[in-house]
Amino acid sequence: MNIILGIILVLFLLLIGQLIYLQIIYGGRFNTEVQKTDSKVVTTNVPRGVMYDSTGKILVGNKANNAITYTKSSTVTTAQIYSISNKLSRYISITNEKPTKRQLYDYYLANEANNKRVEAKLPRSAKYASNGDQLESSVVYENTLKELEKENPKFTKRQKTAALIFNKISGAYTLSTIYIKNNHLTDKELATVGEHLSDLPGVGIGTDWARDYPNGKSIQSIIGSVSSEKSGLPSDNLQYYLSQGYSRNDRVGTSYLEEEYEPLLKGTKGQSEVTSKDNGQIEQTKTVYKGESGSSLVLTINAKYQQEVQKALTQVYQSAEAAGATQYSSGAYAVAMNPKTGAVLAMAGISHNPKTGKDTENALGVINQSFVMGSAVKGATVSGGLINHIITPTNNTLPDTPIYLPGSPVKKSVYPVGTFGALDAPSALEVSSNIYMMQLALRWVKAKYVPHSYISMPDTAFQTLRNNFSMFGLGQKTGIDLPGEVAGIKGASFNSKGNLLTGSVLDLAYGNYDAYTPIQMVQYVSTIANGGYRMQPYVVQSVGKTSSDGQKVSVVYNKKPQVQMRIPWTKDELDVVRDGFDRVVHGSNSWGTAHALNSVKPRIAGKTGTAETFYYDPDHPGNPNAPEIINATFVGYAPESDPKIAIAVVFPGLDPNKEGTFTLQVAKAMVEDYSELYK
């Protein structure tokens with residue numbers, strides 16, 4: 001026994017000796033390890049790129065705002081967050097947000113005394129399972145929340161602010177910097193928080209940036225929107241943005257130019273080195289890289305001209321409303337483009353709700369709304385007939401005989417049957433002859449036709465005509481640098497029995513079947529105006545960097561006009577179409593459709609359209625008694641001898657008895673305003 005006790009004593013003395021040795025020899029090293037700090041790099045936001053109009057006027061910039069920030073440490077506890085929230089709520093108030101009931105209750109229960117008191121009122125079944133095991137803490141907490149709801153506690157204004165702060169901090173990622181308040185921060189709040197920063201670990205004073213529109217928001221429907229810090233990354237593209245290095249609460253472009261050019265506009269985030277002690281408390285934050293603001297965009301759109309086009313469209317549409325022509329209308333749209341480059345000069349739109357009568361600006365309807373355009377597309381039909389040698393520049397006269405299909409109403413033009421015995425192509429465009437286009441289509445697709453009794457076409461008839469229209473951009477996306485563009489709508493080619501819809505082939509020939517967008521229409525007429533080059537429309541002219549004073553842009557990239565297709569015309573063939581477009585406005589035939597524009601300077605050439613269709617009521621789809629409506633359109637260019645501007649105007653859903661000259665009124669204003677502005 002004595003031997004065993006002796007051995008134990010020796011071992012005990014050795015252990016004490018080892019501890020003394022470690023304390024003396026390595027004590028300083030261990031103390032250093034305890035006090036060791038950890039450094040990590042966090043990112044900070046930079047201003048988004050500025051957008052300018054074609055004259056250098058700022059359309060959207062950034063306004064610097066003072067902000068109260070919080071950088072979350074890795075070891076901060078709920079109790080500490082609760083304490084910071086209460087302290088900070090004494091110095092600032094948040095009035096532009098309202099806490100939810102859950103946020104208020106989470107804040108209330110973050111106080112340990114409150115949590116214990118409410119939890120103590122829970123029945124045993126709300127804390128323990130039937131077998132006696134304790135329920136998971138998350139389940140108990142949810143039951144505690146339900147118990148608290150029974151009490152329905154009341155909260156002061158300051159407590160509501162504290163609850164919002166608590167929610168913001170609790171939801172932040174470790175070592176991320178968030179904004180506690182970045183709007184309407186008063187000088188007093190800023191100074192008071194600054195005086196108490198030593199009592200508010202993690203809280204700081206910084207700068208935030210908000211989008212600013214110094215010349216108004218009339219063009220915002222083209223510019224688009226940016227998400228808020230609260231909404232953060234769009235849920236439908238969350239994984240994409242995270243893979244690109246974004247944080248969940250980053251603000252990104254969510255529509256149109258802001259979305260399309262997000263990679264350029266976002267800039268390069270700043271980097272700060274956050275040093276924290278081993279206990280997790282942040283010791284200091286040092287800027288490593290201040291970041292670089294986003295690239296600036298110079299648009300092709302002149303803000304003044306954009307305003308004038310929207311103004312003209314609005315005024316004329318209001319006159320249509322006053323005339324009772326818009327009961328079933330969905331709105332009106334207008335777009336202007338440089339036919340030689342594809343640069344969009346203006347995009348304007350009005351969305352009308354027939355149920356409520358409410359009008360809202362909707363410039364993007366130019367690219368995402370499709371309509372049956374009617375006779376305005378006949379220039380493409382005649383062009384196809386010439387290019388495919390169905391008609392020629394010297395032999396293009398066709399009989400103006402209506403089409404009589406078995407079991408169907410006569411297919412004719414708007415003027416009385418027999419008004420013309422025959423028409424050449426320019427005259428057919430001038431008087432907008434549906435008959436001419438159908439007669440041309442019969443020959444083009446090699447149809448077999450016996451009036452009143454028989455018609456037969458190859459199954460490729462639709463594709464033949466659609467291939468021709470697509471050369472001009474009709475029925476396909478133009479490639480404009482805006483997200484959300486649609487390709488239009490193609491009508492059915494075959495019935496339920498698999499038979500070709502021959503009558504609809506004829507309707508397609510004169511523009512009364514497929515639906516196109518206004519941007520497609522202006523691209524189509526630009527192709528005629530510039531001699532056969534289908535130009536890609538674009539809204540951003542150049543990309544650059546803005547100077548520190550915000551007044552100058554150093555351009556690093558200029559958009560080069562892109563030809564998407566060269567129409568295989570001869571000059572003589574093109575002249576046939578241009579002659580027809582000239583006669584539409586300046587001809588002498590009493591059935592001419594745009595003579596109201598013949599005195600406009602500079603001289604206009606163009607084509608009108610009227611498509612017959614039916615009102616679609618989403619609340620009563622398939623209504624067999626849907627009201628008849630018309631879509632009124634106009635496409636044109638000026639000056640006729642050397643086009644600088646091409647336009648498309650669409651007034652869909654008008655009362656057939658009150659069509660008026662609304663599209664021509666807008667066209668007149670667009671050309672005259674352009675001429676005045678671009679002297």
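This is a predicted model: local features need pLDDT of at least 70, side-chain atom pairs count only at pLDDT 80 or more; totals for chains, interfaces and linings use all residues.

Colleague: Is Asn-631 buried or exposed, and at what relative accessibility?
Modeller: Asn-631 belongs to strand S23, which covers residues 628-638. Since buried means under 20% relative accessible area, Asn-631 counts as buried because its relative accessibility is 5%.

Colleague: Which backbone nitrogen does the side chain of Asn-631 reach?
Modeller: Among the residues that Asn-631 touches beyond four places away in sequence are Val-372 and Gly-653. The side chain of Asn-631 reaches the backbone oxygen of Val-372 at 3.0 Å. As for the backbone nitrogen, the side chain reaches, at 2.9 Å, that of Gly-653.

Colleague: How many residues apart in sequence are the parts that the pair of Tyr-305 and Tyr-674 ties together?
Modeller: A search of the whole structure finds 18 aromatic pairs. One of them, formed by Tyr-305 and Tyr-674, is edge-to-face, with 5.9 Å centre to centre and 70° between the planes. Tyr-305 lies in helix H12 (residues 303-322) and Tyr-674 in helix H21 (residues 662-677), so the separation of the parts tied together, counted in residues along the sequence, is 369.

Colleague: What kind of pair do the rings of Tyr-415 and Phe-420 make?
Modeller: Tyr-415 counts as buried at 2% relative accessibility, and Phe-420 counts as buried at 14%. Their ring centres are 5.0 Å apart and their planes stand at 90°, so the pair is edge-to-face.

Methods
Residues are numbered from 1 along each chain as its sequence is written. Side-chain values use heavy atoms; hydrogens and water are left out. Helices (H or I, at least four residues) and strands (E, at least two) are DSSP runs, numbered from the N terminus. Buried means under 20% relative accessible area, exposed over 50%, partly exposed in between (1.4 Å probe, protein chains only). A polar contact is a pair of N or O atoms within 3.5 Å; within protein, one must be able to donate a hydrogen and the other to accept it, and residues adjacent in sequence count only if both atoms are side-chain atoms. Contact means heavy atoms within 4.5 Å. Rings of Phe, Tyr and Trp (its six-membered ring) pair if their centres lie within 6.5 Å; planes under 30 degrees apart count as stacked, over 60 as edge-to-face and the rest as tilted.
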